[in-house]
Amino acid sequence: HGGQVMQFYSCDSHVVEGREVFDGLAERFGEHAPTIKMEPGEGEFLYIGGQRRVAVGRMGIAGNTLGTPETDAKIAAGYEGLNPGVLDSTKRLGEQEQDGIRGEVMYPSLSMFTFAVEDPLIKAAAFRQHNDWILDYCAPNPDRLIGIGCLPVPDVDACVAEAKRAGELGVRGFAIPSHAPIEQPYSDPIYNPLWALLEDMQLPVTMHIFTGTSFDCGLPPHWGTPGGTLKGYTLAHTTVANSVMDLIASGVVARYPGLKFVCAEFETGWVAHFKQRLDHAAYRTPWELADEVTMKPSQYFDRNFWVTFEDDAQGIATRHDIGIGNLVWGNDYPHHDSIWPHSMTTLDEVLVGVPDNERQAMVWENVMGLYNIDQTKL
């Protein structure tokens with residue numbers, strides 16, 4: 001790479017929450033609480049509302065191919081089948097080095113489904129346990145292991161209390177659902193105290209694929225769910241696009257210019273066209289913009305939003321329209337979709353022809369600034 005030493009940091013990885021994140025919730029709240037159950041011969045599963053939602057073992061098998069007998073056996077082994085560093089974060093540092101990266105921003109896996117729990121008390125209790133666990137997990141090196149906390153949207157008072165509590169304890173950023181309730185979207189002024197606090201604490205807010213206050217993430221019934229149907233997955237980015245439009249058009253990011261929103265794991269090939277079309281829509285229907293909106297919508301996007309990519313060549317082809325400074329890379333470790341342990345060869349293919357300075361911004365510098373990472377501790 002022209003003599004420059006390239007450095008790499010994943011801005012979209014995951015933890016797989018230990019059993020203790022869900023300890024005691026079923027005893028306190030009954031079957032509507034998220035619960036881990038062992039199914040003999042099949043492994044552990046997350047249940048919510050009495051329904052099986054996801055296999056724990058499927059969440060931590062990066063480097064394996066779905067559908068093979070060996071992978072099926074790993075999934076059936078549940079927690080025992082996960083890669084070693086998934087539960088032992090000291091070993092995880094070695095797994096980062098094996099893939100050529102210096103650190104990871106890590107989102108939830110099992111807790112992604114807790115966003116869809118309707119009972120606000122259950123959601124607040126579960127996320128409090130998640131946020132405490134994530135701090136312990138990151139303790140071996142808090143600049144190489146940045147764990148994202150979860151906030152119990154749409155209960156704004158509970159969100160404010162938990163952001164303050166967990167943020168003061170050291171949580172470095174928070175996830176909110178990529179889609180809020182239709183009757184209480186992110187344009188609703190009820191969220192103002194939360195936006196003010198997150199801006200004040202300078203903590204990034206992430207909207208990750210597969211998170212919604214309902215399992216459909218706001219998609220219409222005939223499309224299905226982001227994780228479960230062909231249409232739902234193909235059109236999953238529309239869930240976060242809808243939230244981005246609410247945040248821009250209602251004046252949220254105009255009023256709170258320091259807010260940092262990350263759209264994670266929706267890839268980026270759609271973004272340049274979305275920005276162009278949104279600007280044209282603002283020209284066509286200007287009465288739908290709040291009075292505080294004085295710039296083009298795309299300019300607010302440029303200032304307040306980041307998007308993650310894994311191996312998305314279309315996004316790289318339109319990177320200047322998206323904004324080099326708005327793109328951050330992630331390897332999705334340890335999920336089965338992850339490019340681990342082949343991040344370097346994958347990036348060389350995806351970033352072919354991209355100048356070193358642009359490459360280094362997208363795989364290193366942007367995430368350093370986004371999370372105020374102390375590079376002397378890496």
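Where does P341 lie? P341 is placed in the loop between β12 and α15, where helices (H or I, at least four residues) and strands (E, at least two) are DSSP runs numbered from the N terminus. The structure is a predicted model, in which local features need pLDDT of at least 70 and side-chain atom pairs count only at pLDDT 80 or more, while totals for chains, interfaces and linings use all residues. Residues are numbered from 1 along each chain as its sequence is written, and side-chain values use heavy atoms, with hydrogens and water left out.

The chain contains 16 helices and 12 strands. Its radius of gyration, 20 Å, is close to the 21 Å that the globule rule gives for 378 residues, so the chain is as compact as a globular protein of that length. The radius is taken over C-alpha atoms, and the rule is 2.2 Å times the number of residues to the power 0.38. Along the principal axes, the C-alpha atoms fill a box of roughly 60 × 55 × 40 Å. Of the 378 residues, 57% count as buried; buried means under 20% relative accessible area, exposed over 50%, and partly exposed in between (1.4 Å probe, protein chains only).

Most residues other than glycine have a negative phi, and most peptide bonds are trans. The bond from W340 to P341 is cis, with omega near 0°. The bond from Y333 to P334 is also cis, with omega near 5°, and P334 is found in the loop between β12 (327-329) and α15 (343-350). D332 is found in the loop between β12 and α15. This residue has a positive phi of about 65° although it is not a glycine, and D332 counts as buried at 1% relative accessibility.

A positive phi, of about 55°, is also found at C217, which is not a glycine. C217 belongs to the loop between β9 (205-208) and α8 (230-234) and, at 2% relative accessibility, counts as buried.

On the surface, E20, D23, E27 and D136 gather in a patch of negative charge. Asp and Glu count as negative, and the place of a charge is taken as CG of Asp or CD of Glu. E20 lies in the loop between β1 (10-14) and α1 (25-29), and at 44% relative accessibility E20 counts as partly exposed.

Notes: Patches are made of residues with over 30% relative accessible area and no salt bridge: like charges are joined within 9 Å, nonpolar side chains (Val, Leu, Ile, Met, Phe, Trp, Tyr) within 5 Å. Accessible areas come from the Shrake-Rupley method with a 1.4 Å probe; for residues, only the protein chains shown count as cover. A salt bridge is a side-chain nitrogen of Lys or Arg within 4 Å of a carboxyl oxygen of Asp or Glu.
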